[in-house]
Amino acid sequence: MRRSFADDVRDGLQKSQKELQPWYFYDSLGSALFAAICELPEYTITRAETEIFRLNNTTIARAFGSPERIVELGSGDAHKTRQLLEAVITRQPRLTYVPIDVDGDLLESTSRDLLVRFPSLRIDAICADYRDIASLISAGPKTVFLFFGSSIGNLDPDAAAALLREIRRILGRGDSLSVGADLQKPKEVVEPAYNDALGVSAAFNLNLLARINRELGGHFDLSKFAHRAFLNEDKGRMEMHLVSRERQVVAIDSLSMQVSLEKSETIHTENSYKYAESDLDLLARDAGFAIEESWRDSRTGFIDMLMVAR
Ligand code: AVJ
């Protein structure tokens, strides 16, 4: 089973390049900050995908065939998914939706909303890390997997490939997986999305330290850390870090741990890979899928793909 927040914080802060995993951004405050990021003019991903679903929801729903269940990895507030669910339910009232998310409160409120809006829908919500998919979902009825919003960008290429192979093992031949990915774009466009003028991305990043303070008895002084986000062109990814503004030692009570940071030392908190279309093709093929259809937004370079299990 997946390790705990405490274990991952302890391990991550003992590495030579300190790191915290991005799945821990999403406590209640973190989910709210992420929802705010989605509204920012600099952050294009959410609007791009919303446009794709608005223009193509009936086509996409038709391409799903007639699934018995739709499993969504990292469902969040399922805002964009609503339009798709609506299009699917119009074709076939009977459907089970299986949202998987690490934020239990959000999962519950979203599920309640959807049940009211779609009375014929059945929901089996799972509060978990979607990387444990193999132990959460068993093979069986005709299934469609959804992995939207460029969540795949958080995974290193090897981990992304492994996750897609696990999904493939659950699916039957002809079942599909729909993946949304942010395409490569110039530094001048992609960096501001993670360095917005309002400072919401900075707050989202710093909230990870605030969460350690709240849940693990940490003593991080947030004013002693700066938010840094930059495009790592060699690796094809945006990186987020928290930079120590001075040399400091921080106690985390419930881990009985002292964290020493040099001035300018960083804690690496997130990677967001930006894909080339050719990489996506390879990724799909290696995992046993074929990209049968894909939809791009009109302005920013975002793609939603329908990968069909071969
Ligand atoms: C939810 C992983 C797609 O990487 O763009 C937004 C998270 N991090 N701003 C992304 C995020 C900083 C987001 N994903």
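**View 1. The area buried between domain 1 and domain 2.** Between domain 1 and domain 2 about 990 Å² is buried, and carbon and sulfur atoms give 46% of this area; buried area is the accessible area (1.4 Å probe) that two parts lose on being put together, summed over both. In domain 1, the residues that lose the most area to domain 2 are Trp-23, Tyr-26 and Tyr-273, which together make up 74% of what that side buries. The model is predicted: local features need pLDDT of at least 70, side-chain atom pairs count only at pLDDT 80 or more, and totals for chains, interfaces and linings use all residues. Residues are numbered from 1 along each chain as its sequence is written, and side-chain values use heavy atoms, with hydrogens and water left out.

View 2. Domain 1 comprises 5-26 + 188-273 and domain 2 comprises 45-183 + 275-309, with bounds from an automatic or database domain assignment. Their centres, taken over C-alpha atoms, are 28 Å apart. Ten residues of domain 1 are in contact (heavy atoms within 4.5 Å) with 14 residues of domain 2.

**View 3. Salt bridges in the structure.** The structure holds 23 salt bridges, a salt bridge being a side-chain nitrogen of Lys or Arg within 4 Å of a carboxyl oxygen of Asp or Glu. Across the interface of domain 1 and domain 2, zero are found. Lys-18 forms a salt bridge with Glu-265, and their closest N and O atoms are 2.6 Å apart. This pair links distant parts of the chain, 247 residues apart: Lys-18 lies in strand E1, and Glu-265 in the loop between strand E11 (257-261) and E12. Strands (E, at least two residues) are DSSP runs, numbered from the N terminus.

**View 4. The open sheet of four strands.** The strand order is E1-E12-E9-E8, with mixed pairing; two strands pair if DSSP finds at least two bridges between them. Strand E1 (18-19) and strand E8 (225-232) stand at the edges with a single partner strand each, so one side of each is left without a neighbour in the sheet. E8 pairs with strand E9 (residues 237-244) in the antiparallel sense over eight bridges. Arg-237 in E9 is the bridge partner of Asn-232.
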